[in-house]
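Let's walk through this structure together, one piece at a time. Take a look at the picture, then read on.

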Amino acid sequence: MEPNKYSLTGQKVWVAGHKGMVGSALVRRLATEDCEVLTVDRTKVDLRRQDAVEGWLKEQKPDAVFLAAAKVGGIWANNAYPAEFLYENLVIESNIIHGAYLAGVKKLCFLGSSCIYPRLAEQPMKEEALLTGPLEPTNQWYAIAKITGIMMCQAYRRQYGCDYISAMPTNLFGAADNYDPQGSHVVASLIQKAHQAKLSGAKTMELWGTGSPLREFLYVDDLADALVFLMKNYSDEPHVNVGIGVEHTIRQLAETVVHVVGFQGEFVFDLTKPDGTPRKLMDSARLHGMGWRAKTSLEDGLKSAYAWFLSNRA
Ligand code: GFB
């Protein structure tokens, strides 16, 4: 095997957070790999309890771990529940990274998020931009927890030789997203709002903020493919940006959502809600240089996400 290469063939691979949007996309993607996918329900192993996590990892001894378990949410949830976002993400990542080290896990992939870069980082944001400026206030607690996870993977590589890597995805959407009106990310929330407005024959649909912030949206099945690609081909300290390199204003996103959903009304902007960071486009050249690119456009991804919503949440 070439250096930096890791084969999943015949490996026991734990997807932590297998029921979430990223975790379920990873389970779908790993079905096409010749490996054994391991999952465990939160009712059996509470990832916030160190003994439970360490005991289960020592018993199961997975060869590889995708750490897709986290407390996540959109801008409103991050701002409303700072203690939960800081505490739960810190304990979940610490338990799993340290537990993986104790259990001799060979390869682990941790997930950051583009929102943890400095609020006004130079755009597009390179990996080196991390920790070079003040954070976006609305999700600083989540950001500190996720930055800690990236640093933990680096520390365990340096001190113990653990081949633990970190990926930095941008805003995600797709199947099994959280559609809770308050806690959800923007894409899921707008799908839900457009659908409700269409069904009720409403003339308007509410958007938060001004509609002018720019966001980069990656379809979650493309992310899962990128994570498997990185697990197989990347082994180094720095995290790797996983974006699509295209950005849209929130208003443009909403226009695409209502086109896909079939709502013809007007937008009403609730200026009492935050815009958050004005822009967070990532530079994914390092990943592109390794030979991976996203392939699902925003519109195609939205069509699949809406189809999932209709079959599972409507
Ligand atoms: O995905 P989102 O909630 O979070 O997007 P961030 C927020 C942007 O969409 C803001 C606008 O500019 C909102 O004003 N927006 C418009 C809405 N309508 C809505 C709506 O109905 N719901 C929501 N949620 N937003 C998150 C971080 O930042 O990025 C998370 O807080 C995570 O931690 C995520 O990292 C990827 O993109 O601003």
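Start with leucine 172, whose bridge partner in S8 is leucine 218. Strands are DSSP runs of E with at least two residues, helices are runs of H or I with at least four, and both are numbered from the N terminus. Two strands count as paired if DSSP finds at least two bridges between them. Here, three bridges join S6 to strand S8 (residues 214–219), and these two strands run parallel.

Helix H7 (residues 220–233) packs on the sheet and touches S6 and S8, its direction making about 70° with that of S8. Contact means heavy atoms within 4.5 Å, and angles, from 0 to 180 degrees, are taken between N-to-C directions of lines fitted to C-alpha atoms, for helices over the stretch in contact. Helix H10 (residues 298–312) also packs on the sheet, touching S6, S8 and S10.

Keep in mind that this is a predicted model, where local features need pLDDT of at least 70, side-chain atom pairs count only at pLDDT 80 or more, and totals for chains, interfaces and linings use all residues. Residues are numbered from 1 along each chain as its sequence is written, and side-chain values use heavy atoms, leaving out hydrogens and water.

Now turn to the ligand. Which helix gives the most to the shell around the ligand? That is H6, with four residues. A backbone N or O atom of aspartate 275 lies 2.6 Å from an oxygen atom of the ligand, a polar contact (a pair of N or O atoms within 3.5 Å).

Conventions: A polar contact is a pair of N or O atoms within 3.5 Å; within protein, one must be able to donate a hydrogen and the other to accept it, and residues adjacent in sequence count only if both atoms are side-chain atoms.
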